[in-house]
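Please open the model in your viewer and keep the selection tool at hand. The stops below are meant to be taken in order.

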Amino acid sequence: MRPTVHDIAAAAGVSLATVDRVLNQRPGVRHVTREKVETAIRELGYIRDVAAANLAKGRTYPLVFILPASDNSFMHGLNAEIRQAVLRSPAERTDIRIVEVPAFDPAALVSVLEGLSREKPCGIAMVATDAPEVRAVVDRLVRERFPIVTLVSDLTGSLRHHYAGVDNIAAGRTAARLLGRFLGPRKGEIAVLAGSMLVRDHRERLEGFAAVMAEEFPDLAILPVLEGRDDPEVAHRLVADALGNAGIVGIYSLGAGNRGLIRALKEKAVDRTLTVVAHELTAHTRAALIDNTIDAILNQDAGHEVRSAIRILKAKADGLAVIAAQERIRLDIFLKDNLP
């Protein structure tokens with residue numbers, strides 16, 4: 001049976017009020033009495049339930065989510081999930097603020113992080129741009145005891161506390177296997193559409209994709225990556241131009257830009273022998289699955305990622321352990337036949 005504050009009070013020969021003062025590091029306790037209480041805590045093996053204590057004290061956790069400001073359907077969905085979390089704030093004792101920065105702009109992200117270091121929130125969740133200057137400021141903030149979670153796109157090699165997102169190398173490998181299996185013995189070229197190679201999730205997906213293609217589908221050649229910069233118009237133009245290449249037999253959209261991709265495919269009235277695999281289930285990709293414009297969608301649960309980030313930031317703020325199995329983000333594969 002776990003020891004309680006009553007056990008501590010009895011062992012130290014003090015009142016419950018005195019135990020409470022010592023546990024919460026409040027003044028008004030003589031040095032000799034404080035030592036008695038601390039000795040009782042050690043000898044009894046008492047482990048304080050920090051979360052329960054914070055609930056009793058009515059503690060609120062100010063959290064900041066930093067997102068890229070872009071016309072990206074998945075990021076719009078992520079933003080909506082954070083706004084839902086804001087509505088749950090009274091029950092979850094959070095005070096959540098969303099800060100948007102220009103997409104793929106390391107300097108803008110650094111500027112926001114520097115500003116937050118003066119505000120001192122309980123935790124920061126951010127969609128990371130992978131750049132040395134971003135890594136440097138994140139490392140400094142962690143050393144200053146700021147809990148930081150990367151969201152969707154990681155900052156590998158930094159001191160950030162946790163990454164809330166899918167395994168992007170595995171996602172790229174899965175996309176390659178789907179495309180290769182769908183295409184069978186066909187030979188040809190694969191067009192790849194990305195947002196930007198400045199973000200690690202896109203680079204890792206490409207890394208996993210290229211590895212499986214080289215290992216198992218050598219007759220399928222990957223073309224140079226098209227970077228749509230999270231802009232549907234740019235993505236549309238790039239894909240429309242690429243479709244002029246008669247050798248393309250498949251397309252892998254590993255990031256944003258699916259609205260532009262879908263529009264280009266429909267305008268070109270592409271032969272349905274072209275196989276298309278994309279990321280993120282949105283209203284647009286759902287419709288494209290149903291009408292056979294896209295063959296498969298790899299999806300991450302934005303709501304789970306947001307809830308995970310909040311749990312982890314609160315746990316880190318309280319010095320509590322994270323339950324790894326609870327925070328694992330699953331990669332879903334959707335065809336038109338198994339849409340939720």
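Predicted model: local features only at pLDDT ≥ 70, side-chain atom pairs only at ≥ 80, totals over all residues.

Residues are numbered from 1 along each chain as its sequence is written, and side-chain values use heavy atoms, with hydrogens and water left out.

**Stop 1: a loop glycine**

Select Gly28, which sits in the loop between α2 (16-23) and α3 (31-44); helices here are DSSP runs of H or I with at least four residues, strands are runs of E with at least two, and both are numbered from the N terminus. Gly28 counts as exposed because its relative accessibility is 72%, where exposed means over 50%, buried under 20% and partly exposed in between, with a 1.4 Å probe and protein chains only.

**Stop 2: helix α9**

Next select residues 168-183, the 16 residues of α9, whose first and last C-alpha atoms are 23 Å apart, close to the 22 Å expected at 1.5 Å a residue (the expected span is 1.5 Å times one less than the number of residues). At the N-terminal end, Asp167 caps the helix, with a side-chain oxygen 3.2 Å from the backbone nitrogen of Ile169. Just after α9, Gly184 takes a positive phi of about 60°. Among the buried residues of α9 are Asn168, Gly172, Leu179 and Leu183.

**Stop 3: the largest cavity**

Now select Asn72, Met75, His202, Asp230 and Ala256, which lie nearest the centre of the largest cavity, among its 35 lining residues. A cavity is a set of points, on a 1 Å grid over the protein atoms alone, where a 1.4 Å probe fits but cannot get out, and lining residues have an atom within 4 Å of a point. Elements that give two or more residues to this lining include β1 (61-69), α5 (73-87) and α10 (200-216). The largest cavity holds about 370 Å³ of space, a volume being the space filled by probe spheres set on grid points that are joined across faces, edges and corners.

**Stop 4: the second largest cavity**

Finally, select Ala191, Leu193, Leu226, Val239, Ala242, Leu243 and Ile251, which line the second largest cavity. Both β6 (188-194) and α11 (232-242) give two or more residues to this lining. The volume of the second largest cavity is about 30 Å³.

Terms used
1 Å grid on protein atoms, 1.4 Å probe; cavity = no way out; pocket = protein on both sides within 12 Å on 5 of 7 lines; lining within 4 Å. Polar contact = N/O pair within 3.5 Å; in protein donor to acceptor, adjacent residues only side chain to side chain.
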